[in-house]
Amino acid sequence: MEGYYWIQFGLIAVVCAMLEMQKMGTREKVTMPQNFMAFRNSYLFVYSLMMAGDWLQGPYVYALYQHYGYTTGDIGKLFIAGFGSSMIFGTVVGSMADKYGRKNAALTYVVTYIASCITKHWSDYGVLMLGRFFGGIATSLLFTAFESWLVAEHFKRGYEAEWLDKTFAKAIFLGNGLVSIVSGLLANYLVTDMSLGPVAPFDAAAVFLAIGGVVIMFSWTENKGDNSDNTSVQQGMKQAYEAIKNDKKVFYLGAMQSLFEASMYSFVFLWTPALGPNGEDIPHGMIFATMMVACMVGSSVASRIMSRSDMKVERYMQLVFLASAAALAVPVLVGNMGFMTEGERGGSMTFGGKIQMLAFLVFEAMVGIFWPSMMKMRSQYVPEEVRSTVMNFFRIPLNLFVCVILYNVALFPLSAMFAMCSIFLVLAAFLQKKLETLANVQSHKYVPMEQTFP
């Protein structure tokens with residue numbers, strides 16, 4: 001492997017370590033009571049186990065389907081089934097989480113994802129399709145139930161609102177950063193070094209999920225949406241729809257989330273062909289690890305920003321969206337300037353590829369800032385009684401967009417795809433500006449959609 005990749009990884013890792021070392025000390029422990037620290041650490045432990053169960057599967061899903069002899073078209077349909085399942089059933093399970101409890105929803109996540117992992121032992125297409133349906137439901141719960149439980153439990157215990165920001169930042173740093181890197185290395189070790197085959201990471205994921213499930217069962221208390229006992233699932237879904245329809249702030253928040261995450265998930269499919277369009281030999285594992293460290297840098301920076309009273313999340317997120325748009329516009333510029341035509345199959349990454357790589361690292365750093373910042377805004381603006389349902393409504397356009405892209409990915413050139421993502425992110429910045437204006441004028445009050453909607 002070229003020294004370039006190790007130097008790049010090392011420099012970003014040093015930056016990440018320096019940021020974290022500067023935060024270490026006694027200040028946080030002095031200002032925060034021990035019971036809160038115990039609560040936060042317990043949640044972070046569970047969240048890390050849940051994310052490990054997710055990250056362990058990622059690198060080998062496609063490889064496992066190839067191992068069973070399925071074509072690219074067949075595999076694409078399996079992926080579409082997963083996103084489609086999340087889109088169709090996600091809102092229902094979100095409403096059920098608000099009514100029947102977020103702890104129960106978290107345990108449902110564990111059961112459905114373990115079931116999805118078990119199906120990987122069969123090569124039958126129908127069984128694998130069933131596993132994708134289970135996985136789609138689990139994904140919806142992963143990104144809604146745990147956050148909803150945390151927010152409700154945090155305020156139910158009477159903790160300060162600003163402490164929640166630090167929990168969000170830590171969760172992203174660990175779950176979306178450190179855990180992803182360790183999980184990737186563990187999955188590679190099980191398959192390559194121990195020669196256990198492509199099913200091994202899924203078995204390991206099931207073990208981590210089971211451990212987390214036991215901790216949830218015996219240590220978490222249940223919490224539900226406000227007035228959930230008097231509200232049916234259908235009424236909860238209607239209330240969530242009304243909250244989005246009648247409150248501009250909630251609508252803008254959901255639109256921003258969908259636009260950013262649609263760009264992010266598209267990026268997951270696009271970065272490999274973008275860096276090696278001519279069949280260049282690029283170290284996917286090292287590049288993935290470097291991107292995850294960049295994401296950790298972003299989450300560490302987010303923790304610092306959110307702790308400052310003079311930095312409003314509605315303001316700095318406009319810059320985050322614009323920086324993300326600029327980063328994903330780089331492949332369009334590089335392609336038009338002809339930097340990507342000089343590569344050859346089996347050769348090293350081109351100069352244009354290295355320029356793109358730097359831009360992608362910037363984008364991943366912005367992803368690291370996005371997650372905890374978006375969590376903070378959701379905790380401020382999304383109604384508690386339908387929090388899980390609203391959050392899953394936000395994911396409907398995201399999953400629909402990804403399904404369309406997967407189905408038609410061969411019809412669009414890479415430059416067009418990146419340009420579309422960049423436009424989405426500029427639009428997200430515009431909506432963030434609108435949200436800032438509303439937040440300043442009418443703090444936390446409903447603003448009817450009919451009034452001066454742009």
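Q: Let's take Met317. Which residues is Met317 in contact with, leaving aside its neighbours within four places in sequence?
A: Met317 is in contact with Ile369, Phe370, Ser373, Met377 and Gln432. Contact here means heavy atoms within 4.5 Å.

Q: Before I go on, what kind of model is this?
A: This is a predicted model, in which local features need pLDDT of at least 70, side-chain atom pairs count only at pLDDT 80 or more, and totals for chains, interfaces and linings use all residues. Residues are numbered from 1 along each chain as its sequence is written, and side-chain values use heavy atoms, with hydrogens and water left out.

Q: OK. How many helices and strands in the protein chain?
A: The chain has 17 helices and zero strands. Both are DSSP runs numbered from the N terminus: helices are H or I with at least four residues, strands are E with at least two.

Q: And how much of the chain is buried?
A: Buried residues make up 56% of the 454 residues. Buried means under 20% relative accessible area, exposed means over 50%, and partly exposed is in between, with a 1.4 Å probe and protein chains only.

Q: Which residues have the most contacts inside the largest nonpolar core?
A: They are Met50, Tyr109, Phe146, Ile287, Met291, Met317 and Phe363, in a core of 145 residues. Such a core is a set of buried Ala, Val, Leu, Ile, Met, Phe, Trp, Tyr and Cys residues joined through side-chain atoms within 4.5 Å.

Q: What about contacts across the sequence?
A: Taking contacts between residues at least 6 apart in sequence, 87% join residues at least 24 apart. Ser303 counts as buried, at 11% relative accessibility.

Q: Switching to H15. What should its span be, and what is it in the model?
A: Helix H15 covers residues 351–381, so at 1.5 Å a residue its 31 residues should span 45 Å; the end C-alpha atoms are 44 Å apart, which agrees. The expected span is 1.5 Å times one less than the number of residues.

Q: Why is H15 called largely enclosed?
A: Because 25 of its 31 residues are buried.

Q: How many salt bridges turn up in the whole structure?
A: Eight. The criterion is a side-chain nitrogen of Lys or Arg within 4 Å of a carboxyl oxygen of Asp or Glu.

Q: Which residue does Arg378 pair with?
A: Arg378 forms a salt bridge with Glu147, with the closest N and O atoms 2.5 Å apart. Arg378 lies in helix H15 and Glu147 in helix H8 (residues 145–156), so the pair ties together parts that are 231 residues apart in sequence. Both Arg378 and Glu147 are buried.

Q: And Arg315?
A: Arg315 bridges to Glu436, with the closest N and O atoms 2.5 Å apart. Arg315 lies in helix H14 (residues 313–336) and Glu436 in helix H17 (residues 414–441), so this pair ties together parts that are 121 residues apart in sequence. Arg315 is partly exposed at 49% relative accessible area, whereas Glu436 is buried at 5%.

Q: What else does H14 have?
A: Gln318 is in helix H14 and counts as buried at 13% relative accessibility. Gln318 touches Ala429, Gln432, Lys433 and Glu436, not counting residues up to four places away in sequence.
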